2 protein chains.
Amino acid sequence: MTQQLANRYLPALDATMRQVIANAPLNGAEDFRVMLSYPLGWVDENNQPYPHQTGKRIRPILLLLSTEAAGGDWQSALPAAAAVELLHNFSLIHDDIQDDSDTRHGRPTVWKIWGRPNAINAGDALFASAYAALQGLAETDLDPKTILSIWAIFNRTNLELTRGQHLDMRFERQETVTVEAYISMISGKSAALVSACAQIGALIGSSDEALASHFAAFGRDLGIAFQIRDDILGIWGEPEMTGKSAATDILSRKKSLPVLYGLAQSNELGALYRRPSFSNADVDEVVERLNAVQAQEYAIEQETRYFQEAVQALEDANPQGKASQGLISLAEALFQRNV
Amino acid sequence: MTQQLANRYLPALDATMRQVIANAPLNGAEDFRVMLSYPLGWVDENNQPYPHQTGKRIRPILLLLSTEAAGGDWQSALPAAAAVELLHNFSLIHDDIQDDSDTRHGRPTVWKIWGRPNAINAGDALFASAYAALQGLAETDLDPKTILSIWAIFNRTNLELTRGQHLDMRFERQETVTVEAYISMISGKSAALVSACAQIGALIGSSDEALASHFAAFGRDLGIAFQIRDDILGIWGEPEMTGKSAATDILSRKKSLPVLYGLAQSNELGALYRRPSFSNADVDEVVERLNAVQAQEYAIEQETRYFQEAVQALEDANPQGKASQGLISLAEALFQRNV
């Protein structure tokens, strides 16, 4: 099902995004346009065509499905779908600098190739490009007032993203993090944009603020469940599926939900986490202690709870047509994914 | 005159900007709000009131004057004035990381206090805040279509800023830079935002796109002249006026306009510039060689040319009322400044 959705939307989405980047006023700086095309997966670092898919484009697919499920024409939502994907890629570029990450989608990160100053600037340009894409809504039949509402959601989402990013970085240095604070962090860092996708899609499809708020709730809960699944895979995921080494989040001491739960249950785990560095044996011990307190089961419970709330919010939204089945399939695929 | 303008506009501008930052959805991250208030000059790094002025707020003053001179009410333009100042501060935060600059307005830079990852995020948040401020136009009497036009100018300006920043960074490593390429770079990095200020201000004041395009030309030429004056001060400015050490731009080997001119005129200067490092005596020799080829005179000629074109464009715009004198005074103050 998810592949069918991709086949339906992705060529038009890709064309819209390419048009935005092609139209960016970058005269005299074509080498800079390469730094924007590379993270979007269109070219390699030498500006040669790159034949592999990079991102999964989950956010724009969710947005376009929401437009259809709210009774609208998905093609009128393409500018917004391009905007959320460009925004997501901006945040990844800056995130990779902040986390000192060398690879993304199996390729060197932007900063690794062109250095941090250029990567900061490339991120800023994709941020601006996201707005330039969204502005394309002004060329559709959409009422200008609805466009201004969508713009406001987008602005708020961007501030939420920086809030989540801030908390994520602060929690790394903070000894105690409550589950509540953690959920607040991922509400900003992960769920805000997923929520905005569903809400903006529904607004474009219906111009109905009340209906769109049900979609927003659906997206928010789905985004939280999505992040918790990420947390589970970061510890118990199969390396051959996730493409990461085993227990990668333990090695980087990420304070993900299972770890926070474990730290609250087990003093020994706290003592382990305070060690200045981790050996492979330490990583194994952490996983064993997490298993002993059933941290994975706890995380799956939480994920399931948010997933069920998402499904409930979607029912409240009373989605229409084939796209309603598409939304459920997408949510289920994200809920059960191993990768 | 410039002080009178400041007294007239700045309290309301400040209140608008503070409201935008106070309204940013940063719950649970009040420590992050400090990282946004600090570069705006409101607090010190410990969130205590900071009694000194930091930025000169030239851009929002220009915007508000343009609104009045185009026949409008400056108070309706406050959201846009706040937006351009927030945007300017975002660009300074990222610029300081990219240039590895330790101080700004006589204080440690954001990255110097909170580290690069936090500073990248603080810049991103001010970028998003600039849009949140601009969105305040939707609460005024302005026609939604005019707001969408202003939004489009803002988006284009942001892409221009990243283009200029890219060229500026690339030119540092590039042996030969033509004057034409240099003007293209500063058109993005410095003049695009100044131009947008005048254009957006005029659009708010008149909703007249043709009139606003004269203001845009005025701002563009003024912005270029402003940057060339910066270049002159960076070499020949009085340290006690500029607050920088003498010939600071020579020491950092900035390829500013007088240097580009000098490099084209003098092979000896080129040989000097290729040395791996500069002694104080080398700096003196560079300045002597620049003086010998009359590089300062050349730069003043160029500055004057752009200033005169700015004045001509302003005449074409036929500015109204007292604000028209204010615009001329502001332009003259920028043209003749020593600091």
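Predicted model: local features only at pLDDT ≥ 70, side-chain atom pairs only at ≥ 80, totals over all residues.
1. Aromatic pairs overall. Across all chains, the structure contains 19 aromatic pairs. One of them joins B:Phe90 and B:Phe127, whose rings are stacked, at 4.3 Å centre to centre and with 20 degrees between the planes. This pair links distant parts of the chain: B:Phe90 belongs to helix α4 (residues 78-98) of chain B, B:Phe127 to helix α6 (residues 116-134) of chain B, and 37 residues separate them.

2. Burial of that pair. B:Phe90 has a relative accessible area of 5% and is therefore buried. B:Phe127 also counts as buried, because its relative accessibility is 1%.

3. A second stacked pair in chain B. The ring centres of B:Phe307 and B:Phe335 lie 4.0 Å apart with the planes at 5 degrees, so this pair is stacked. B:Phe307 is placed in helix α15 (residues 295-317) of chain B and B:Phe335 in helix α16 (residues 321-336) of chain B, so the pair ties together parts 28 residues apart in sequence. Both B:Phe307 and B:Phe335 are buried.

4. A cluster with members from chains A and B. One aromatic cluster is formed by A:Phe90, A:Phe127, A:Tyr131 and A:Phe154 together with B:Phe90, B:Phe127, B:Tyr131 and B:Phe154. The stacked rings of B:Phe90 and B:Phe127 are thus among the members of this cluster.

5. Arginine over aromatic rings in chain A. A:Arg305 lies over the face of A:Tyr306, at 4.7 Å from the ring centre. A:Arg337 is positioned over the face of A:Phe226, at 4.0 Å from the ring centre.

6. Helix α4 of chain B. α4(B) comprises 21 residues and spans 30 Å from its first C-alpha to its last, close to the 30 Å expected at 1.5 Å a residue. The helix is mostly covered, with 20 of its 21 residues buried. Just after α4(B), B:Asp100 adopts a positive phi of about 60 degrees.

7. The interface between chains A and B. In chain B, 46 residues are in contact with 46 residues of chain A. The two chains bury about 4,200 Å² between them, and 69% of this area is on carbon and sulfur atoms. On the chain B side, B:Pro25, B:Trp151 and B:Leu159 lose the most area to chain A, together 16% of what that side buries.

8. Salt bridges across the interface. Two salt bridges are counted between chain B and chain A. The side chains of A:Arg170 and B:Asp31 meet in a salt bridge, with an N to O distance of 2.8 Å.

Key: Residues numbered from 1 in each chain as written. Chains lettered and ligands numbered in written order. Heavy atoms only, no water. Phe/Tyr/Trp six-rings, centres within 6.5 Å; stacked < 30°, edge-to-face > 60°. Helix = DSSP H or I, 4+ residues; strand = E, 2+ residues; numbered from the N terminus. Buried < 20%, exposed > 50% of the residue type's maximum accessible area, 1.4 Å probe, protein only. Lys NZ or Arg CZ within 6 Å of the ring centre and 35° of its normal. Expected span 1.5 Å × (residues − 1). Contact = heavy atoms within 4.5 Å. Buried area = accessible area lost by both parts, 1.4 Å probe. Salt bridge = Lys/Arg side-chain N within 4 Å of Asp/Glu carboxyl O.
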